[in-house]
Amino acid sequence: MLYPINIPKTLLRILTKINFTVKIPYLPLNRQISFAAQTDSILHFPPSTYFLQQKFFRRKVYITVKTILWQCRKKNSVVRSKKTTDLSKNVVDSAGQQLTTDLGIPINDDHNTLKAGNRGPTLLQDFIFREKIQHFDRERIPERVVHARGTGAHGVFRLKKSLKKYTSAAFLNDTSVDTPVFVRFSTVAGSRGSGDLARDVRGFAVKFYTTQGNYDLVGNNIPVFFIQDSMKFPDLVHSVKPEADNEMPQAASAHDTFWDFISLTPEAAHMIMWTMSDRAIPRSFRMMEGFGVHTFRLINDKGESHFVKFHWKPVLGMHSVAWDEAQKINGKNSDFHRQDLWNAIDSGQFPEWDLGMQIIPEKDEHQFDFDLLDPTKLIPEEIVPVEIVGRMTLNKNPDNFFAETEQIAFNPGNIVPGIDFSNDPLLHGRILSYTDTHLHRLGSQNFTQIPINRPIVPAYNNHRDGFMQTNVPQGKNIYSPNTVAAGCPFQAAQKDGGFVAYAQKVDGETIRARSRSFFDHFSQPRLFFNSQSTHEQRHIKNALSFELSKVKSPVIRQRMVNNLTNIDLGMAQYVAAKIGATIPSKLMVWENLNIPADGDPAEFTSVDKKPALKTSPALSMTHQPFDNIETRCIAVLAADGVNGDTIKQIKKEAASKGAVVKIVAPTLSPVKPIKGSSIAVDETIFNTAGVLFDAVYIPGGKKSIDTLSQEDDAINIINDIFKHCKAIGADKDAKALIDKTKVVKGKGINLDGNTKTFLQNIAAPRAWEREEMRM
């Protein structure tokens with residue numbers, strides 16, 4: 001029997017368009033109830049939820065439903081899309097079903113093998129056991145060599161401004177069309193089992209399921225890369241992966257082989273500045289930028305070409321963590337980034353990014369002081385502004401991690417009409433490598449038929465057979481040209497959307513070489529470092545000191561210190577003093593050993609150009625806008641006898657700004673305030689940590705403060721948040737607890753009970769000035 005709850009018609013009009021989940025915290029085990037789209041004004045609840053008084057239950061559920069719907073409307077997003085509808089054809093729901101074999105034979109006993117007597121040997125004829133164990137033995141597929149650890153989500157891309165002037169790509173022409181997407185975020189160096197907060201590049205790969213086929217924008221959270229030519233990619237990855245003799249360290253670049261390779265490869269100088277910066281330890285996937293890295297082409301209906309660089313700008317702004325904080329988070333919750341993304345989408349706080357483009361006319365290709373084809377270079381936004389053209393919203397978590405996130409296959413070579421490649425030598429190698437990887441990992445060229453990879457438009461061709469073929473092609477024709485099938489499938493004319501490669505003029509000898517225009521290795525790293533704020537520069541120097549202090553070889557350490565003089569002499573001297581190296585007093589040559597056997601070393605020396613800009617504010621995270629606290633997580637420390645009015649106030653004010661409040665107490669038992677009803681507890685002081693929150697507030701109440709003052713775990717939470725320069729707020733009568741911590745007055749500290757000021761401090765950049773107090 002199902003029990004009905006009446007819903008007003010105005011609310012029903014929204015309900016009929018979506019499926020959603022409501023969390024009712026006062027049900028056992030925080031039970032989730034899923035609602036399918038309705039056709040009448042009734043929602044039905046399972047009998048197991050109908051144990052509270054009906055009037056109370058209805059009122060609470062109505063409020064919860066209304067909140068969920070408001071979040072959906074606020075984000076202007078509907079979970080269902082053409083792609084998720086397409087995937088639903090493959091969804092298997094076993095609720096209420098009998099257990100069967102893969103061939104549908106009902107299973108009577110799934111707990112015991114077939115034996116000759118109850119103490120006899122297991123029989124080979126037990127086909128149910130054989131199927132179960134053989135499938136289990138083959139559940140794992142090879143993990144990605146790089147980007148192995150990742151997470152993903154479904155979403156939608158909405159174009160804000162037509163780009164018909166530049167491209168014939170349909171999804172970039174029509175502002176009325178929503179394009180389904182799947183996005184996968186990842187770390188690069190670690191294995192699938194590594195932690196989320198490694199100092200590393202983050203992958204940012206977006207698959208657009210367009211009406212012209214799948215387009216993949218496969219990039220990173222850093223706009224440049226370590227190397228210029230794909231020939232060097234295996235060497236780079238071999239150097240950064242755990243060392244071959246002992247398989248250590250995991251998901252870390254702080255070891256000899258990586259810095260040995262880097263110290264001999266000056267083209268990596270720019271990327272090293274980015275990976276040693278705060279960009280390499282983001283607060284969240286939702287709070288980092290994304291870049292296409294390479295220069296691509298946009299081609300319009302007239303065959304005209306423009307170069308383009310792709311950017312993703314997070315709506316929540318850019319935020320990072322401190323390095324000490326990152327290491328602690330990895331120990332406390334190695335799934336911190338993955339869980340953060342999942343929870344945000346699950347709660348209706350959908351992550352969003354604006355898609356921006358730097359568009360350059362073909363005639364201006366050589367108008368810069370760097371080469372557009374060089375993947376170790378960026379175009380400063382002050383020279384070519386980023387034009388925002390659309391917004392991406394992630395609004396649905398995967399139904400199954402393996403089927404979707406693990407099996408999705410990206411490739412920068414997956415382009416659609418209206419987009420084409422430049423002659424970037426790193427890009428060209430990736431086009432081959434990604435497909436080759438999928439053939440190995442996913443077992444067959446038919447990986448394109450896996451539901452998450454197939455397009456939302458039909459695919460017709462003469463490809464046949466092979467491992468794991470799931471299509472059932474009709475007819476005898478499997479060749480072209482033919483007459484037996486009237487020429488079908490026939491080729492598409494360009495006017496009908498057929499892909500035609502851009503007709504660029506190419507003239508040259510076949511040669512293994514690199515253009516001299518690629519040899520300016522230091523002007524942009526210098527621009528990046530000089531553009532950072534004081535605390536960001538300090539973080540870069542400390543990151544280099546940390547990394548190089550882990551290098552066992554004194555020769556490699558000294559060489560790397562000497563090399564840093566090409567970027568900033570003061571930085572090199574700082575690092576040298578930290579790691580006990582000889583302190584350089586002048587510019588030292590960064591030796592380049594990436595030369596052919598018969599090459600003249602003099603021809604491979606770096607060229608030092610003077611960049612057009614001395615600084616670029618767009619390169620500093622500090623110079624970005626900080627104007628909201630949506631989804632930021634606030635710990636409120638409480639115990640019996642707490643001031644419940646303060647908790648109500650901060651919850652109300654935080655919720656109005658989209659922040660999340662977690663009640664943290666000595667136990668999971670509800671907290672009894674001075675007056676009023678008990679307050680549910682979200683976390684205990686012993687099962688969480690300050691590094692997992694963006695701020696902390698301590699309400700008053702003498703009994704609560706006395707209890708917390710005796711708890712080392714509560715004091716540690718406050719100390720960690722203070723150490724990592726995050727906002728701290730407290731009522732005036734919380735002084736006894738504050739006095740037991742390391743907290744002192746300063747920026748971002750508010751101890752007078754002003755909750756509004758406290759929330760403003762969260763929105764502002766972290767109070768990095770506190771780091772100087774400890775130096």
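A salt bridge is a side-chain nitrogen of Lys or Arg within 4 Å of a carboxyl oxygen of Asp or Glu. The model toured here is predicted, so local features need pLDDT of at least 70 and side-chain atom pairs count only at pLDDT 80 or more, while totals for chains, interfaces and linings use all residues. Residues are numbered from 1 along each chain as its sequence is written, and side-chain values use heavy atoms, with hydrogens and water left out.

First, select Arg283 and Asp694. Their closest N and O atoms are 2.7 Å apart. Arg283 lies in the loop between α7 (269-275) and β9 (290-291), and Asp694, 411 residues apart from it, in the loop between β17 (683-684) and β18 (695-698). Helices (H or I, at least four residues) and strands (E, at least two) are DSSP runs, numbered from the N terminus. Arg283 is buried at 5% relative accessibility, and Asp694 is buried with a relative accessible area of 5%. Buried means under 20% relative accessible area, exposed over 50%, and partly exposed in between (1.4 Å probe, protein chains only).

Next, select Lys723 and Asp324, a salt bridge of 3.4 Å, N to O. Lys723 belongs to helix α18 (residues 712-723) and Asp324 to helix α8 (residues 323-332), 399 residues apart. Lys723 is partly exposed at 31%, as is Asp324 at 27%.

Finally, select Asp301 and Lys164, whose side chains meet at 3.2 Å, N to O. Asp301 sits in the loop between β10 (296-299) and β11 (305-314), and Lys164 in the loop between β5 (150-159) and β6 (178-187). Asp301 is exposed at 54%, whereas Lys164 is partly exposed at 48%.
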